[in-house]
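User: I am new to this one. Can you show it to me and then take some questions on the labels used for it?

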Amino acid sequence: MPYTEMLDKVKSYGIDAVEMTSGGWGGCKHVDTTRLLEDGDYFESYVAELEKRNMKIVALNCSGNPLAPGEMGKEHSRTAYQTVELASKLGVKKIVMMSGLPAGSPNDQTPN
């Protein structure tokens, strides 16, 4: 569901603090991290929707494998850095993430 509908649904359950996915494995359907960092008007309207409902983001989640070799590791590392920057901009003090490790054996293609 769209961002504002999701906020309304969460609020209807009496919840006023949320953890949002901002990178890594999770689909970032409600946090366009790059756009929030680059587009001031979008950032302000995004925050205004939270304030309108007296809600706040208490954690950003960018769980992934930033230490894995290859493109996935590079992408997860990039989103981890962006998440730290966005958390600072939003005043969020908690970031949920994983360190990620290379494959478990020389022939393994999947990070641990």
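Predicted model: local features only at pLDDT ≥ 70, side-chain atom pairs only at ≥ 80, totals over all residues.

User: How many salt bridges does the structure hold?

Analyst: The structure holds 6 salt bridges.

User: Why is the contact between Asp39 and Arg35 called a salt bridge?

Analyst: The closest N and O atoms of Asp39 and Arg35 are 3.7 Å apart. The cut-off is within 4 Å, between a side-chain nitrogen of Lys or Arg and a carboxyl oxygen of Asp or Glu. The 3.7 Å of Asp39 and Arg35 meets that cut-off, so the pair counts as a salt bridge.

User: Are Asp39 and Arg35 buried, exposed or partly exposed?

Analyst: Asp39 has 27% relative accessibility. Arg35 has a relative accessible area of 39%. Buried needs under 20% and exposed needs over 50%. Both values lie in between, so Asp39 and Arg35 are called partly exposed.

User: What makes Arg53 and Glu49 a salt bridge?

Analyst: Their closest N and O atoms are 2.7 Å apart. That is within 4 Å, so the label applies to Arg53 and Glu49.

User: How do you know whether Arg53 and Glu49 are buried or exposed?

Analyst: Arg53 has a relative accessible area of 12%, and Glu49 stands at 18%. Each value is under 20%, so Arg53 and Glu49 are buried.

User: Which residues are linked with Arg53 in a network of salt bridges?

Analyst: Asp8, Glu49 and Lys52 are linked with Arg53 in that network.

User: Why do Glu75 and Arg78 count as a salt bridge, and where do they sit in helix 4?

Analyst: The closest N and O atoms of Glu75 and Arg78 are 2.5 Å apart. This is within 4 Å, so Glu75 and Arg78 form a salt bridge. Both lie in helix 4 (residues 71-90), 3 residues apart. That spacing is about one helical turn. Glu75 has a relative accessible area of 35%, and Arg78 has 36% relative accessibility. Both are partly exposed.

User: What makes strand 2 and strand 3 a pair?

Analyst: Strand 2 (residues 56-61) and strand 3 are joined by 2 bridges. Pairing needs at least two bridges, so these strands pair. The two run parallel. Asn61 has Val96 in strand 3 as its bridge partner.

User: Why are strand 1 and strand 3 called edge strands?

Analyst: The open sheet has 3 strands in the order 1-2-3, with parallel pairing. Strand 1 (17-21) and strand 3 (95-96) each pair on one side only, so they are the edge strands.

Technical notes. Residues numbered from 1 in each chain as written. Heavy atoms only, no water. Buried < 20%, exposed > 50% of the residue type's maximum accessible area, 1.4 Å probe, protein only. Helix = DSSP H or I, 4+ residues; strand = E, 2+ residues; numbered from the N terminus.
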